[in-house]
Amino acid sequence: MLKITFSLFSAFLLLCWNGLNLQINKTSERSLQVAADSLPNASGWPAELDVTPFAGPNLTPSPACLAVAATGEVYVGVDMIGSLGKEPGKGSIVRLVDSNNDGKIDANSTFAMVDDPRGIIAMGDQVFVLHTTFVDGKASGMDLVVFEDKNHDGKADGPSKQLIKGISNPKFLQSRGTDHATNGIRMGIDGWIYIAVGDFGFHEAVDASGKKLTQLGGGIVRVRPNGTEMEVFTHGLRNIYDVAIDPYMNVFTRDNTNDGGGWNIRFSNQIQSGEYGYPVLFKNFTEEIIPALIDLGGGSGTGSLFMDDPTWPAKYNHVPMMADWGRSQVYVHRVTPDGPTFTQKEEEFIKLAQVTDLDVDASGRMYLAAWDGAGYSGNPSKGFVVRAIPKGWKYTAFKDVKKSSAKELEALLKSESAVQRLAGQQELLARFPKEAVTASWKIASDKSLPLHIRAAGIFTYGQAAGKDGITNLVKLTDDANVKEFALRTLADRKTFLDKVPTEPFLKAMKDSNPRVQSVATIGLGRLGRVEAAPALLAVKVPSSFKSPEKGTEGPHATPNSAIVPPHLAVRALVAINAVDACVKAIGTENSTIALWALRYMHDPKAVSGLIAAYGNAKDLDAKKQILTTLGRLYKEEAPYDGSWWWSTRPDTHGPYYKAVTWGSSDAIKTLLMQEWSKADENGKKFFADLNGRQRMGIDEFGGEEIVVEKTEQRIDLSKIQNKKGQVGDNSIEDVMLAIAKIEGDPALGKQLFTKQGCIACHSITKNGPLKGPYMGQIGSIMNREQIAESILKPNASISQGFASVLVTTKDKQSYMGFVSEESAEKLVLRDITGAVYTFKMSDVTSRKEMENSMMPQGLANELSYQEFASLVTFLSQQKK
């Protein structure tokens, strides 16, 4: 289902689809989790909460997303296409109403029909929806649209209005479905809609003003509610599903790594303009990225919410709440400020069967949607929604803002509820634009108010006053408490940046607060003025800025607050195209950051400047740094045209995925060859290592490692299949009941892992060859019962990391297997017997994902109950 970044092991260890509890071995300080017999699919939650059923599959089958209006109406995205389905006409937005606030639905309606809904925002009379579009029965892209319901009858007044067209890749929506596409949407108090983009990326998405934008890979994009000013917020993510946004506009998300490589969850703080590196930088060039805050092991992040509501217990308030579909668990993250970013501590919160999304209304009612085993193509009998409220919670009506006066809306800006603040803000801006200017400035400039309220006032004032508010916002940059938000708002809208002065940002670069420094750095990049280059080049680079040792993977999920300021400065230098200033800084005290920035400046002036600097350099280390920078510039990423995608298991070597030479490549090669020819044996090793690391492809240098996958010992699976033991002679249900009572011998299970053919397609150590889904951490993700059922029923669903692929080559030969490695140049296929085939991409004429699992049923048939229990126990203990 969904954008399943995690859908493990249909080939062998598929996720259970019946909502069984995942037993995650975690230790955390949290209140006692309680279970409820009346709610079998919500199996645990803190004692401070009441969690009750709200809707079942009769109303909300296969719920992919949901949103709650401030006044409590719940909008659920029903997706009967799922992540891998291809047939349109099976999706809708269902509206659920609890009119007497007793926790039960009193009215429901189909608000609108849309296919593959992936994100919803309910704001006043408007409902924003992100969904897949179809033309003539085929996916044509994804659009962000807005519906209106001005008569409040629970149904959209008419067709939607398109805000962004084509914000996902139609080619791969057609071939794969909406699994790595574009997903959740959430509005911040700054008035932007933030969009979670998966690694399908998009080519020439068009916003309501006609602006076009292309993005290779995943990240966050944002747009104004009227569909204009679309822009990239962050880049270098894999397959995020949603974002959580706090009152100060800190953004958090939950991402993961490659299919088959562990699906490790990475929780991160998303900082505007930041590069997070997936897939080409996050292993071998990690010094260049903003790392995630933690690697949490296997999982699949889905919906996100920053809880900010006064009715909630303090320990569950002011925290990001992150749903994990793979783990059937919602987590809270205790985030602690750490310079310009954060550290975190994860805790289990609410356990739901394949939870997909969560949201809260203005009265403090939280609703959560669960997929509950609806499979990859939806299921009419699976899926539900629950309500969660604090114990002792009393309903307090939230007045419809459409009936509120300007004064009442102003008062909402001071609410302790983030939902109330946002609802009041958007209505104030829409109906009382002049009053909004006065009211928001009054709040922004009132030093007696709490910081989060003043922040709301500043962000509202920026939207209300526009360019006329610049002078007042500049004044606020002298207020130490709020200068961060004033600077952010000054540089927020590119439509009037020409009116914003540079001086407040340059001054803030010297501020003692690292958060202020970071916002000033981002702002200078957005202003686009080259005179900011000296200040940006003066940002110090920490000692942690170093490449991983050859053969090792860099720390891409370890907090490193010290790297954030220079990282943002580099992004700003690139944004203002400060080529001349960076070249001039080579050899000075700012040389390191200048060379770092020059890595991304594919400009003839950068190359000629580097060559000249090399000629003038005397120090050997300085010369090597310049040659390394030139090596990086020898190739560039090919312009993205939407015709390709790097798949669920891409080549992660970097620094580019689809590298091509460009206009200055010959000049770079001439110098490198000249210096190589003069080098001694040790010197030639430097060029070989440079060639291997940067993947320049200069044959004379050598150094590029050619890894050839080895065919495992061929295994005749049909012989294994056809043997009958206790497992093969009994029903799956009887087998499951029997092994539940048998502890099993893990040592015997390890032997059976090889004997039964598992080793042909699965690794249990990360230093082994890349095969099918990685088994080395399966025990931290699935319990014994799930593992057993997945072995016995391999076709229950097809894993996206282990789908059968039919490849046809130019010589008209066909091969079937699963993709174990893919790059722009080659494709590696491994069949079920362990045989490996490597193809040049140019020789592949077609590839098609098949409907069946690679794993044949019956591979455990010959085993006794004791043997099967031993195999399952061995796998359940794999938690690396």
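Two strands pair if DSSP finds at least two bridges between them; strands (E, at least two residues) and helices (H or I, at least four) are DSSP runs, numbered from the N terminus. This is a predicted model, where local features need pLDDT of at least 70 and side-chain atom pairs count only at pLDDT 80 or more, while totals for chains, interfaces and linings use all residues. Residues are numbered from 1 along each chain as its sequence is written, and side-chain values use heavy atoms, with hydrogens and water left out.

**Exercise 1.** Find the bridge partner of Lys165 in S14.

*Solution.* Start with the strands: S11 (residues 161–165) and S14 (residues 202–207) run antiparallel and are joined by two bridges. Now look across from Lys165, and you land on Val206 in S14.

**Exercise 2.** Work out which strands stand at the edges of the open six-stranded sheet.

*Solution.* Write down the order, S8-S9-S10-S11-S14-S15, with antiparallel pairing. S8 (115–123) and S15 (212–215) each have a single partner strand, so one side of each has no neighbour in the sheet.

**Exercise 3.** Describe how H7 (residues 483–490) and H9 (residues 514–527) are arranged.

*Solution.* Their axes (lines fitted to C-alpha atoms over the stretch in contact, with angles from 0 to 180 degrees between N-to-C directions) come within 9 Å and cross at roughly 10°. The two helices are therefore roughly parallel, a label for angles under 35 degrees. Next, pick out the contact residues (heavy atoms within 4.5 Å): H7 brings Lys483, Glu484, Leu487 and Arg488, and H9 brings Arg515, Val516, Val519 and Ala520.

Technical notes
Parallel < 35°, antiparallel > 145°, perpendicular 65-115°, else oblique.
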